[in-house]
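User: I have not looked at this structure before. Could you walk me through it?

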Amino acid sequence: MRAIITGATGGYGSALCRQAKLSGYDVVAVSKSPDKLQSLVQCGLADEVFALDYLAEGLDANLTNFESFLQGRGLTKIDLLINNAGIGSKQHSLFDESADELRRAFEVNCIGPGQLIRRMAASFSLATVVNISSRRGSVAQNADEQVSKLGCSYTYRISKSALNMLSLCIADELGDRLLSYTVHPGRLRSGIGVQGAELSADDSAVRLFQLIAARPDPSLFYSLEHEQVQTLPW
Ligand SMILES: NC(=O)c1ccc[n+]([C@@H]2O[C@H](COP(=O)([O-])OP(=O)(O)OC[C@H]3O[C@@H](n4cnc5c(N)ncnc54)[C@H](OP(=O)(O)O)[C@@H]3O)[C@@H](O)[C@H]2O)c1
């Protein structure tokens with residue numbers, strides 16, 4: 001079994017690599033920092049690594065290189081693609097977030113993941129896609145005063161909401177040949193997590209691989225915040 005994990009060098013990404021290895025996958029770790037990727041190999045958390053920066057010039061050409069890299073290793077099937085790379089922002093106000101910041105958030109949180117799925121589904125037999133979203137991408141929660149008043153970046157909420165729609169569009173178009181899941185990992189103690197979070201990246205990663213193995217309904221938005229998997233409103 002082969003898994004491609006983006007954002008593999010981050011707090012959640014390295015936990016996902018660890019859990020993928022424990023679940024028997026060969027792991028292709030993808031991220032933007034070559035040095036950090038090499039340390040994943042040294043720690044035994046990745047079998048292959050590929051540096052891909054969604055903000056670098058020439059996304060199409062870079063994705064073509066990634067395809068060639070995988071084909072060069074004789075790969076025809078990808079059992080699991082986890083789109084986990086993501087960026088946040090500490091700003092909470094419309095007046096603090098520039099158009100460039102919004103563009104960057106779209107590139108990393110939605111456009112890059114979408115183009116990666118497109119290439120992988122076109123060139124390989126792709127079985128399961130997991131898009132790591134956030135509860136902050138829920139339009140319905142932002143319409144709920146109790147949740148919406150907690151404060152969170154516009155760029156993060158808008159781009160994660162777009163990722164959710166992308167994930168559903170893929171399930172809609174390609175649902176007869178692959179499973180496409182949308183998952184909030186929970187508020188994690190690591191990475192871009194918030195203060196006061198109690199869930200470890202490792203525990204969330206265990207829950208994610210249990211979810212994948214259970215092959216639940218792709219039309220729902222899953223949350224791993226609690227021991228029992230829950231669903232969030234879109
Ligand atoms: N932590 C939480 O509480 C929480 C809650 C809800 C959702 N999430 C989601 O979970 C995912 C992982 O979050 P995390 O907490 O592990 O964050 P993190 O530690 O900051 O990791 C982010 C990962 O994305 C990669 N990345 C950043 N910019 C990139 C770019 N331009 N091109 C390609 N890769 C890029 C980073 O690479 P480098 O290491 O090279 O910088 C890193 O591997 C994100 O999608 C996040 O939105 C997290």
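Predicted model: local features only at pLDDT ≥ 70, side-chain atom pairs only at ≥ 80, totals over all residues.

User: What does β4 pair with in the parallel sense over 6 bridges?

Analyst: That partner is β5. Here Ile82 stands opposite Val130 in β5. The chain passes from β4 through α4 to β5, and this β-α-β crossover is right-handed.

User: How many residues of β4 are buried?

Analyst: Of its 7 residues, 5 are buried, and β4 is thus described as mostly covered.

User: What order do the strands take in the sheet?

Analyst: The sheet is open and has 8 strands, in the order β3-β2-β1-β4-β5-β6-β7-β8, with mixed pairing. At the edges stand β3 (48-51) and β8 (230-232); each has a single partner strand, so one side of each is left without a neighbour in the sheet. On average, neighbouring strands of this sheet are turned by 25 degrees against each other, direction ignored.

User: Where does α4 bend?

Analyst: The bend is at Glu107 and amounts to about 45 degrees.

User: Which residues of α4 are buried, and what do they pack against?

Analyst: The buried residues include Ala105, Val108, Asn109, Cys110 and Gly112. Further along α4, Pro113, Gly114, Leu116, Ile117 and Met120 are also buried. The buried residues of α4 pack against the strands β1 (2-6), β4 (77-83) and β5 (125-132), and against the helices α3 (59-72) and α7 (154-174).

User: And α7, which strands does it lie across?

Analyst: α7 lies across β5, β6 (179-184) and β7 (221-223). Its direction is at about 160 degrees to β6.

User: What about α1: how many of its residues are buried?

Analyst: In α1, 9 of the 12 residues are buried, so the helix counts as mostly covered. They are Tyr12, Gly13, Ser14, Ala15, Leu16, Cys17, Arg18, Gln19 and Ala20. These buried residues pack against β1, β2, α2, β4 and α8 (201-214). Helix α1 (residues 11-22) reaches 17 Å from its first C-alpha to its last, close to the 16 Å expected at 1.5 Å a residue.

User: What follows α1?

Analyst: Gly24 follows, and its phi is positive, near 95 degrees. Gly24 is placed in the loop between α1 and β2.

User: Is Gly24 buried or exposed, and why?

Analyst: Gly24 is exposed, because it has 9 other C-beta atoms within 10 Å, and a residue with 12 or fewer counts as exposed. The C-alpha atoms of Gly24 and Ile132 are separated by 21 Å, and the two residues are 108 residues apart along the chain.

User: Where does Ser93 lie?

Analyst: Ser93 lies in the loop between β4 and α4. Ser93 also counts as exposed, with 9 C-beta neighbours inside 10 Å. Along the chain, Ser93 and Ser153 are 60 residues apart, while their C-alpha atoms are separated by 6.9 Å.

Key:
Residues numbered from 1 in each chain as written. Bend = angle between axes of the 7 residues up to and from the residue. Helix = DSSP H or I, 4+ residues; strand = E, 2+ residues; numbered from the N terminus. Buried ≥ 20, exposed ≤ 12 C-beta atoms within 10 Å, placed from the backbone. Contact = placed C-beta atoms within 7 Å. Pairing = 2+ DSSP bridges. Axes fitted to C-alpha atoms, helices over the stretch in contact; angles between N-to-C directions. Right-handed = clockwise from strand over helix to strand, strands pointing away. Expected span 1.5 Å × (residues − 1).
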